Amino acid sequence: MATKLKKWALRYFRYYKDKFIFKLKRYTIAILTSDKSDFSIAFSYAFGTLIALLPTPGFSTAIGIGFIAIFKQLNKMAVLLSMLVWNGITIIPIYWLSFKLGKFISNTLPDVRVENEVLQQILLYFKQFALGNLALTIPISIASYFIALVLLQIARKLRLRKVEGRRKITA
């Protein structure tokens with residue numbers, strides 16, 4: 001029974017790993033072949049990172065799709081790629097760091113006083129988490145803009161060289 005379960009789990013893991021890699025490749029190719037500017041794509045990726053890192057677990061993709069529908073300047077694939085990169089597994093350490101950083105930052109701020117002790121603790125933890133999340137999300141989003149811009153320019157140059165190499169061979 002245990003070996004059947006292990007085989008099933010391994011097949012299940014491989015299926016979702018392959019599905020994840022397929023989507024990652026598809027979105028990346030769609031971005032590289034896009035006619036939008038590098039700056040627009042990098043901004044879209046950074047915007048998607050901002051939305052994905054904000055504490056809206058489960059709703060970040062819906063929020064991202066809503067912004068894509070409203071703002072036509074955003075590159076759809078870049079926003080979706082950022083949502084794919086900042087998935088549930090990668091977001092857990094960010095949320096943990098958010099809480100730790102917020103705990104450090106909120107020591108200097110006065111606490112909100114409430115009569116109910118449970119509500120007092122909830123507000124304290126929320127304040128710590130929200131402050132830490134903002135302190136982490138904004139720099140990560142800005143850094144992701146520059147990283148996406150550099151990677152996009154490198155990838156487009158490599159793709160152009162590859163296409164030119166094919167043209168020389170066929171000519």
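Reader: Is Tyr 95 buried or exposed?
Author: In this predicted model, Tyr 95 has a relative accessible area of 18%, and because the cut-off for buried is under 20%, Tyr 95 counts as buried.

Reader: And how about Phe 129, buried or exposed?
Author: Phe 129 is buried, with a relative accessible area of 18%.

Reader: How many aromatic pairs are there by this rule?
Author: The count comes to seven aromatic pairs. In one of them, the rings of Tyr 95 and Phe 129 have centres 5.4 Å apart and planes at 80°, so this pair is edge-to-face. Tyr 95 belongs to helix α5 (residues 88–106) and Phe 129 to helix α6, so the pair ties together parts that are 34 residues apart in sequence.

Reader: What is the geometry of the rings of Phe 99 and Tyr 125?
Author: Their centres are 5.7 Å apart and their planes stand at 50°, so the pair of Phe 99 and Tyr 125 is tilted. This pair also links distant parts of the chain, with Phe 99 in helix α5 and Tyr 125 in helix α6, 26 residues apart. Phe 99 is partly exposed at a relative accessible area of 22%, and Tyr 125 is partly exposed at 44%.

Reader: Which residues form the aromatic cluster?
Author: One aromatic cluster is formed by Phe 43, Phe 47, Phe 67 and Phe 71.

Reader: Where does the side chain of Asn 133 reach?
Author: The side chain of Asn 133 reaches the backbone oxygen of Leu 53, at 3.1 Å.

Reader: Changing topic, how many salt bridges does the structure hold?
Author: The structure holds one salt bridge. Arg 156 forms this salt bridge with Asp 38, and their closest N and O atoms are 2.8 Å apart. Arg 156 sits in helix α6 and Asp 38 in helix α2 (residues 38–53), so that the pair links distant parts of the chain, 118 residues apart. Asp 38 is buried, with a relative accessible area of 17%.

Reader: What makes up the largest nonpolar core?
Author: The largest nonpolar core has 12 residues, among them Tyr 27, Ile 31, Ile 41, Ala 42, Leu 81, Ala 148 and Leu 152. Helices α1 (2–32), α2, α4 and α6 each supply at least two residues of this core.

Reader: What is Ile 31 in contact with?
Author: Leaving aside neighbours within four places in sequence, Ile 31 is in contact with Ile 41, Asn 75, Met 77, Ala 78, Leu 81, Leu 152 and Arg 156. Ile 31 lies in helix α1 and is buried, with a relative accessible area of 6%.

Reader: And what does Ala 42 touch?
Author: Ala 42 touches Tyr 145, Ala 148 and Leu 149, again not counting residues up to four places away in sequence.

Reader: Which residues of α4 are buried?
Author: The buried residues of α4 are Ala 78, Val 79, Leu 81, Ser 82, Met 83 and Leu 84.

Reader: Last one: which residues of α3 are buried?
Author: In helix α3 (residues 60–70), the buried residues are Ser 60, Gly 64 and Ile 68. Seen down the axis of α3, its buried residues fall within an arc of 80°, so they line one face of the helix.

Reader: What covers them, and what is exposed on the other side?
Author: The cover over the buried residues of α3 includes α2 and α4, while on the other side of α3, Ala 62 and Ile 70 are exposed.

How values were computed. Residues are numbered from 1 along each chain as its sequence is written. This is a predicted model: local features need pLDDT of at least 70, side-chain atom pairs count only at pLDDT 80 or more; totals for chains, interfaces and linings use all residues. Side-chain values use heavy atoms; hydrogens and water are left out. A polar contact is a pair of N or O atoms within 3.5 Å; within protein, one must be able to donate a hydrogen and the other to accept it, and residues adjacent in sequence count only if both atoms are side-chain atoms. A salt bridge is a side-chain nitrogen of Lys or Arg within 4 Å of a carboxyl oxygen of Asp or Glu. Helices (H or I, at least four residues) and strands (E, at least two) are DSSP runs, numbered from the N terminus. Buried means under 20% relative accessible area, exposed over 50%, partly exposed in between (1.4 Å probe, protein chains only). The arc is that of the directions from the helix axis to the C-beta atoms. Contact means heavy atoms within 4.5 Å. Rings of Phe, Tyr and Trp (its six-membered ring) pair if their centres lie within 6.5 Å; planes under 30 degrees apart count as stacked, over 60 as edge-to-face and the rest as tilted. A nonpolar core is a set of buried Ala, Val, Leu, Ile, Met, Phe, Trp, Tyr and Cys residues joined through side-chain atoms within 4.5 Å.
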